[in-house]
Amino acid sequence: MAFRLAARQALRSTSLIRAPVARAAMSAIASRAAPAATAAVQARGFKTLDFGGTKEPVYERSDWPKEKIQEYFKNDTLAVLGYGPQGRGQSLNLRDNGLNVIVGVRKGGRSWNKAVSEGWVEGKNLFSIEEAADKGTILLNLLSDAAQRDLWSTISPYVTPGKTLYFSHGFAITYSDQTGVVPPKGVDVILCAPKGSGTTLRSLFLEGKGLNSSIAIHQDASGKAKEKTVALGVAIGSGYLYETTFKNEVYSDLFGERGVLMGAIYGLFRAQYDILRQNGHTPSEAFNETVEEATQSLFPLIGAKGMDWMYANCSVTAQRGALDWHQKFYDASMPVFKELYGRVVDGSESQRALDKNSQADYRESLEKELAEIRDSELWKTGRTVRQLRPENAGKQE
């Protein structure tokens, strides 16, 4: 796609064009605003904003400076159960914010060893899951969805009145008929779901930035569940917090991951690449036109400026083609998205995830699936193309 010179100059004037492009794009998308707009918003705290005609409350971290967070949680022990991507990112951010954090994982396992390597000390702030759940006043259940089901009988005796049970996914509560996770009365049950991986949450926190997160209340025993949730959301490294429900969070999450965010985009990449290859285009040309230009130029631009701006600043040939063809893709994909959303709502997708992730050989079968992707011509070509980026000169993947 041929962009006008003005468009390229506009891109260069933003942080998105500076190396590394991917990292800058992730930061821009995470903040959901251009830098100047972000600076203006960060002084507002709680605000009701207009999202395309719908008013929604938004919570911002300026209301919760580090000292206020420390005072608010001074009598609490935050027990992070699990040290996967979310458990790791959230616990490290909470620790850096000066809170009393402990981690609970299976002793001697991969996660335990990772936690030890990152400064968690056995008997001081690193314990078994049972010990951490017993000691914690706020239990951050950040185990995998399957592990939350499998270990609920282990954790539930420690979910006692006066405590808080925290999730970063609505899965276990929404699909309680499949997971068996039914919290007792007398505890706050809350959710803060970062809109990105725990790794991204951590890296943006270290840069002084923050991911957007969704918050929800399932059970408010204390009468202060929302206040507590907002404070925790800021403490784990969120920049902005939006209200949702446990059900809506997991429905949108499962739907989005299988759809545009991961499943659909890979399916589209494959289809376009294969058509180009079948019609005599070289691997490099097919990859550049399918993946490289999308991820390195257009997607960051859409994240920073919007689809309308991107369309307005491309060549008239590209502009006309995109406007004329987008409806065909919309019409073709709508039946698939309707089927997908129905399967999320009726529990088919959650049950499949639980069943597959619980299989004894899941890691081995997963590696075979990933190897098939990794060893395909499409992504072998991608590795070569990525090495040609200026910021990757001389580096090996």
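Colleague: Which residue meets the side chain of Lys195 in a salt bridge?
Modeller: A salt bridge here is a side-chain nitrogen of Lys or Arg within 4 Å of a carboxyl oxygen of Asp or Glu. Lys195 has such a partner at 3.6 Å, N to O, and the partner is Glu249.

Colleague: How many residues apart in sequence are the parts that Lys195 and Glu249 tie together?
Modeller: Helices (H or I, at least four residues) and strands (E, at least two) are DSSP runs, numbered from the N terminus. Lys195 sits in the loop between strand 8 (188–194) and helix 11 (198–206), while Glu249 belongs to helix 13 (residues 246–261). The pair therefore ties together parts whose separation in sequence is 54 residues.

Colleague: Good start! What kind of model is this?
Modeller: Residues are numbered from 1 along each chain as its sequence is written, and side-chain values use heavy atoms, with hydrogens and water left out. Local features need pLDDT of at least 70, side-chain atom pairs count only at pLDDT 80 or more, and totals for chains, interfaces and linings use all residues, as this is a predicted model.

Colleague: Is Glu249 buried or exposed?
Modeller: Buried means under 20% relative accessible area, exposed over 50%, and partly exposed in between (1.4 Å probe, protein chains only). Lys195, at 33%, is partly exposed. Glu249 has a relative accessibility of 2%, so Glu249 counts as buried.

Colleague: With which residue does Glu243 form a salt bridge?
Modeller: Glu243 is partly exposed at 32% relative accessibility. The closest N and O atoms of this salt bridge are 2.7 Å apart, and the partner of Glu243 is Lys226.

Colleague: Which helix does Lys226 lie in?
Modeller: Glu243 lies in strand 10 (residues 238–243), and the pair ties together parts that are 17 residues apart in sequence. Lys226 is partly exposed, with a relative accessible area of 39%. Its place is in helix 12.

Colleague: How many salt bridges does a search of the whole structure find?
Modeller: One of them joins the side chains of Arg374 and Glu367 at 2.6 Å, N to O. Salt bridges that share partners also join Glu257, Arg258, Arg343 and Glu349 into one network. For the whole structure, the search gives 17.

Colleague: And how many disulfides does a search of the whole structure find?
Modeller: A disulfide is a pair of cysteine sulfur atoms within 2.5 Å. Cys192 is buried at 0% relative accessibility, and Cys314 is buried with a relative accessible area of 0%. The number of disulfides found is 0.
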